[in-house]
Amino acid sequence: MSESNVFIMDHPLIQHKIGFIRRKETGTKEFRNMISEIAMLICYEASRHLELVDVDIETPICKTTVKELAGPKLCVVPILRAGLGMVEGILNLLPAAKVGHIGLYRDPETLKPVEYFCKLPQDCEEREVFVVDPMLATGGSASAAITMLKKRGCKHISFLCVLATQEGIDRLTHDHPDISIFIGIKDKQLNEKGYIVPGLGDAGDRIFGTL
Ligand code: PRP
Ligand code: URA
(Lines give C-alpha, C1' and ligand atoms only; values in the text may rest on other atoms or scores of the structure.)
(Ligands and ions follow the chains in the order given, each with its own letter.)
Protein backbone atom coordinates (compact mmCIF):
# COMPACT_ATOMS: atom_id res chain seq x y z
CA MET A 1 0.00 0.00 0.00
CA SER A 2 1.31 3.46 -0.90
CA GLU A 3 2.22 5.70 2.02
CA SER A 4 3.11 8.72 -0.10
CA ASN A 5 0.53 10.77 1.79
CA VAL A 6 1.82 9.78 5.26
CA PHE A 7 4.21 12.28 6.84
CA ILE A 8 6.09 11.38 10.01
CA MET A 9 7.70 14.39 11.65
CA ASP A 10 11.38 14.02 12.42
CA HIS A 11 11.80 17.46 13.93
CA PRO A 12 13.90 17.49 17.12
CA LEU A 13 11.51 19.84 18.94
CA ILE A 14 8.60 17.46 18.34
CA GLN A 15 10.61 14.44 19.45
CA HIS A 16 11.79 16.24 22.59
CA LYS A 17 8.28 17.33 23.56
CA ILE A 18 6.84 13.85 22.92
CA GLY A 19 9.54 12.40 25.17
CA PHE A 20 8.32 14.72 27.92
CA ILE A 21 4.62 13.80 27.66
CA ARG A 22 5.42 10.06 27.62
CA ARG A 23 6.80 10.32 31.19
CA LYS A 24 4.28 9.06 33.72
CA GLU A 25 5.25 11.80 36.19
CA THR A 26 4.29 14.62 33.75
CA GLY A 27 1.24 16.32 35.31
CA THR A 28 -2.00 17.44 33.67
CA LYS A 29 -1.02 21.10 33.21
CA GLU A 30 2.35 20.31 31.60
CA PHE A 31 0.82 17.53 29.52
CA ARG A 32 -1.93 19.81 28.20
CA ASN A 33 0.51 22.63 27.40
CA MET A 34 2.88 20.29 25.63
CA ILE A 35 0.17 18.60 23.52
CA SER A 36 -0.89 22.05 22.38
CA GLU A 37 2.68 22.99 21.42
CA ILE A 38 3.20 19.69 19.56
CA ALA A 39 -0.08 20.23 17.69
CA MET A 40 1.12 23.66 16.60
CA LEU A 41 4.38 22.22 15.27
CA ILE A 42 2.60 19.42 13.40
CA CYS A 43 0.15 21.96 11.98
CA TYR A 44 3.10 23.97 10.67
CA GLU A 45 4.00 20.97 8.47
CA ALA A 46 0.40 20.07 7.62
CA SER A 47 -0.23 23.59 6.31
CA ARG A 48 2.84 23.61 4.04
CA HIS A 49 0.74 23.02 0.91
CA LEU A 50 -1.76 25.85 1.51
CA GLU A 51 -2.08 28.11 -1.49
CA LEU A 52 -1.00 31.74 -1.51
CA VAL A 53 -2.15 34.73 -3.53
CA ASP A 54 -0.33 37.94 -4.35
CA VAL A 55 -1.66 41.04 -2.62
CA ASP A 56 -0.50 44.62 -3.29
CA ILE A 57 0.27 46.58 -0.12
CA GLU A 58 2.27 49.56 1.00
CA THR A 59 5.01 49.32 3.64
CA PRO A 60 6.18 52.49 5.43
CA ILE A 61 8.87 52.60 2.72
CA CYS A 62 7.21 51.73 -0.61
CA LYS A 63 4.55 49.80 -2.49
CA THR A 64 5.16 46.05 -2.79
CA THR A 65 3.46 42.71 -3.35
CA VAL A 66 3.11 40.22 -0.50
CA LYS A 67 1.71 36.69 -0.18
CA GLU A 68 -1.49 35.91 1.70
CA LEU A 69 -3.28 32.62 2.26
CA ALA A 70 -5.84 31.91 -0.44
CA GLY A 71 -8.84 29.59 -0.10
CA PRO A 72 -10.22 27.12 0.66
CA LYS A 73 -11.08 28.15 4.17
CA LEU A 74 -10.12 25.85 7.01
CA CYS A 75 -11.93 23.84 9.63
CA VAL A 76 -10.35 22.03 12.59
CA VAL A 77 -12.28 18.99 13.83
CA PRO A 78 -11.11 17.45 17.12
CA ILE A 79 -12.25 13.93 17.96
CA LEU A 80 -13.58 14.21 21.53
CA ARG A 81 -12.20 14.15 24.05
CA ALA A 82 -8.46 14.01 23.50
CA GLY A 83 -8.52 15.89 20.19
CA LEU A 84 -9.64 19.01 22.09
CA GLY A 85 -6.12 19.23 23.50
CA MET A 86 -4.75 19.97 20.03
CA VAL A 87 -7.20 22.71 19.02
CA GLU A 88 -5.69 25.73 20.76
CA GLY A 89 -2.22 25.11 19.34
CA ILE A 90 -3.62 24.86 15.84
CA LEU A 91 -5.77 27.98 16.20
CA ASN A 92 -2.65 29.87 17.28
CA LEU A 93 -1.39 29.34 13.73
CA LEU A 94 -4.73 29.39 11.90
CA PRO A 95 -6.90 31.82 13.88
CA ALA A 96 -9.54 32.17 11.15
CA ALA A 97 -10.32 28.43 11.08
CA LYS A 98 -13.76 27.27 12.22
CA VAL A 99 -14.02 24.39 14.69
CA GLY A 100 -16.32 21.36 14.40
CA HIS A 101 -16.58 18.57 16.96
CA ILE A 102 -16.96 14.81 16.58
CA GLY A 103 -17.67 12.74 19.69
CA LEU A 104 -16.44 9.16 19.57
CA TYR A 105 -15.29 6.79 22.28
CA ARG A 106 -13.68 3.42 21.91
CA ASP A 107 -15.67 0.56 23.39
CA PRO A 108 -13.17 -0.98 25.84
CA GLU A 109 -14.23 -4.56 24.94
CA THR A 110 -14.53 -4.42 21.15
CA LEU A 111 -12.19 -1.39 20.60
CA LYS A 112 -14.79 -0.23 18.04
CA PRO A 113 -15.65 3.50 17.96
CA VAL A 114 -19.07 4.56 19.27
CA GLU A 115 -20.44 7.87 17.90
CA TYR A 116 -22.15 10.25 20.35
CA PHE A 117 -21.80 13.77 18.91
CA CYS A 118 -21.29 15.62 15.64
CA LYS A 119 -21.51 19.38 15.17
CA LEU A 120 -19.80 20.90 12.14
CA PRO A 121 -19.78 24.34 10.52
CA GLN A 122 -22.62 24.63 7.99
CA ASP A 123 -20.20 25.23 5.14
CA CYS A 124 -17.79 22.45 6.16
CA GLU A 125 -17.98 20.80 2.72
CA GLU A 126 -16.34 23.91 1.22
CA ARG A 127 -13.52 23.92 3.77
CA GLU A 128 -10.23 22.11 4.04
CA VAL A 129 -10.59 19.99 7.18
CA PHE A 130 -7.88 19.12 9.73
CA VAL A 131 -9.13 16.22 11.86
CA VAL A 132 -7.11 16.08 15.09
CA ASP A 133 -6.64 13.40 17.74
CA PRO A 134 -3.38 12.72 19.59
CA MET A 135 -3.70 8.92 19.27
CA LEU A 136 -3.96 6.74 16.16
CA ALA A 137 -4.08 3.26 17.71
CA THR A 138 -6.22 0.71 15.80
CA GLY A 139 -7.30 3.57 13.52
CA GLY A 140 -10.99 2.82 14.11
CA SER A 141 -11.86 6.22 15.62
CA ALA A 142 -10.01 8.28 13.01
CA SER A 143 -11.48 6.24 10.17
CA ALA A 144 -15.03 6.57 11.54
CA ALA A 145 -14.61 10.34 12.04
CA ILE A 146 -13.43 10.79 8.47
CA THR A 147 -16.32 8.67 7.15
CA MET A 148 -18.72 10.98 9.07
CA LEU A 149 -17.10 14.03 7.48
CA LYS A 150 -17.25 12.55 3.97
CA LYS A 151 -20.97 11.75 4.47
CA ARG A 152 -21.45 15.46 5.15
CA GLY A 153 -19.69 16.34 1.90
CA CYS A 154 -16.14 17.15 3.08
CA LYS A 155 -13.56 16.41 0.37
CA HIS A 156 -10.23 17.86 1.43
CA ILE A 157 -9.27 16.16 4.68
CA SER A 158 -6.00 15.74 6.60
CA PHE A 159 -5.55 13.81 9.84
CA LEU A 160 -3.07 15.11 12.45
CA CYS A 161 -1.96 12.97 15.40
CA VAL A 162 0.89 12.83 17.90
CA LEU A 163 1.45 9.05 18.22
CA ALA A 164 0.56 6.38 15.66
CA THR A 165 1.02 2.66 15.16
CA GLN A 166 1.61 0.95 11.82
CA GLU A 167 -1.74 -0.81 12.32
CA GLY A 168 -3.52 2.54 12.61
CA ILE A 169 -1.70 3.96 9.59
CA ASP A 170 -2.58 0.86 7.52
CA ARG A 171 -6.24 1.06 8.54
CA LEU A 172 -6.50 4.76 7.69
CA THR A 173 -4.66 4.58 4.37
CA HIS A 174 -6.80 1.55 3.41
CA ASP A 175 -10.15 3.12 4.37
CA HIS A 176 -9.29 6.65 3.17
CA PRO A 177 -6.47 6.58 0.60
CA ASP A 178 -7.32 10.15 -0.44
CA ILE A 179 -6.38 11.87 2.84
CA SER A 180 -3.01 13.09 4.12
CA ILE A 181 -1.79 11.90 7.52
CA PHE A 182 0.63 13.91 9.69
CA ILE A 183 2.19 12.01 12.59
CA GLY A 184 4.43 13.22 15.41
CA ILE A 185 6.09 9.85 15.96
CA LYS A 186 5.43 6.20 15.09
CA ASP A 187 5.36 3.76 18.00
CA LYS A 188 6.12 0.05 18.03
CA GLN A 189 2.83 -1.75 18.67
CA LEU A 190 -0.51 -2.07 20.42
CA ASN A 191 -0.89 -4.08 23.60
CA GLU A 192 -3.72 -6.55 24.26
CA LYS A 193 -5.94 -3.72 25.57
CA GLY A 194 -5.43 -1.63 22.43
CA TYR A 195 -3.02 0.84 24.07
CA ILE A 196 -0.06 2.16 22.11
CA VAL A 197 3.33 0.84 23.34
CA PRO A 198 5.42 2.57 24.63
CA GLY A 199 2.75 5.27 24.17
CA LEU A 200 1.71 7.78 26.80
CA GLY A 201 -1.34 6.11 28.36
CA ASP A 202 -4.90 7.38 27.91
CA ALA A 203 -4.53 10.75 26.20
CA GLY A 204 -7.99 12.03 27.20
CA ASP A 205 -7.45 11.15 30.86
CA ARG A 206 -4.02 12.79 30.89
CA ILE A 207 -5.27 16.01 29.22
CA PHE A 208 -8.32 16.36 31.47
CA GLY A 209 -6.94 14.87 34.69
CA THR A 210 -9.54 12.10 34.86
CA LEU A 211 -7.10 9.29 35.64
C1 PRP B 1 -8.75 7.55 22.31
C2 PRP B 1 -8.02 8.49 21.39
C3 PRP B 1 -8.63 8.17 20.06
C4 PRP B 1 -8.86 6.68 20.14
C5 PRP B 1 -7.74 5.99 19.39
O6 PRP B 1 -10.01 8.02 22.61
O7 PRP B 1 -8.15 9.84 21.76
O8 PRP B 1 -9.83 8.85 19.79
O9 PRP B 1 -8.79 6.34 21.54
O10 PRP B 1 -7.95 4.64 19.36
P11 PRP B 1 -8.27 3.85 18.00
O12 PRP B 1 -7.30 4.34 16.99
O13 PRP B 1 -8.02 2.42 18.39
O14 PRP B 1 -9.69 4.10 17.64
P15 PRP B 1 -10.97 7.30 23.68
O16 PRP B 1 -11.87 6.32 22.99
O17 PRP B 1 -10.15 6.76 24.81
O18 PRP B 1 -11.90 8.46 24.15
P19 PRP B 1 -11.55 9.76 25.03
O20 PRP B 1 -10.69 10.67 24.16
O21 PRP B 1 -12.88 10.33 25.31
O22 PRP B 1 -10.79 9.30 26.27
N1 URA C 1 -6.19 5.80 23.10
C2 URA C 1 -5.38 6.35 24.04
O3 URA C 1 -5.73 7.36 24.67
N4 URA C 1 -4.18 5.78 24.27
C5 URA C 1 -3.76 4.69 23.60
O6 URA C 1 -2.63 4.23 23.85
C7 URA C 1 -4.62 4.13 22.64
C8 URA C 1 -5.82 4.70 22.40
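Guide: Start at Arg81, which sits in the loop between β4 (74–80) and α3. Helices here are DSSP runs of H or I with at least four residues, strands are runs of E with at least two, and both are numbered from the N terminus. This is a predicted model, where local features need pLDDT of at least 70 and side-chain atom pairs count only at pLDDT 80 or more, while totals for chains, interfaces and linings use all residues. Residues are numbered from 1 along each chain as its sequence is written, chains are lettered from A and ligands numbered from 1 in the order written, and side-chain values use heavy atoms, with hydrogens and water left out.

Visitor: What is the omega of the peptide bond that joins Leu80 and Arg81?

Guide: Omega is about -5 degrees, and the bond is cis. Another cis bond runs from Val197 to Pro198, with omega near 5 degrees. Pro198 is in the loop between β13 and α6.

Visitor: Which residues does the UniProt "binding site" annotation with Arg81 cover?

Guide: The unreviewed UniProt entry lists Arg81, Arg106, Asp133, Pro134, Met135, Leu136, Ala137, Thr138, Gly139, Gly140, Ser141 and Asp202. Take that with care: such annotations may be inferred rather than shown by experiment. From this set, the lining of the largest pocket includes Arg81, Arg106 and Asp202, among others. A pocket is an open set of points on a 1 Å grid over the protein atoms alone, where a 1.4 Å probe fits, with protein on both sides within 12 Å along at least five of seven lines; lining residues have an atom within 4 Å of a point. As for Pro134, look in the loop between β8 (128–132) and β9 (135–136).

Visitor: And where does Asp202 lie?

Guide: In the loop between β13 (196–197) and α6 (203–208). A further "binding site" record in UniProt, also unreviewed, names Ile196, Gly201, Asp202 and Ala203, and the lining of the largest pocket takes in those four.

Visitor: Why are α1 and α2 called roughly antiparallel?

Guide: Helix α1 (residues 12–22) and helix α2 (residues 28–46) pack at about 155 degrees, with axes 10 Å apart. Angles over 145 degrees count as roughly antiparallel, under 35 as roughly parallel, 65 to 115 as roughly perpendicular and the rest as oblique, so α1 and α2 are roughly antiparallel. Their contact residues divide into 11 nonpolar, no polar and 3 charged.

Visitor: What is the phi of Leu111?

Guide: Near 65 degrees, a positive value in a residue other than glycine. Leu111 belongs to the loop between β6 (101–106) and β7 (113–119).

Conventions. Axes fitted to C-alpha atoms, helices over the stretch in contact; angles between N-to-C directions. Nonpolar A, V, L, I, M, F, W, Y, C, P; charged D, E, K, R; others polar.
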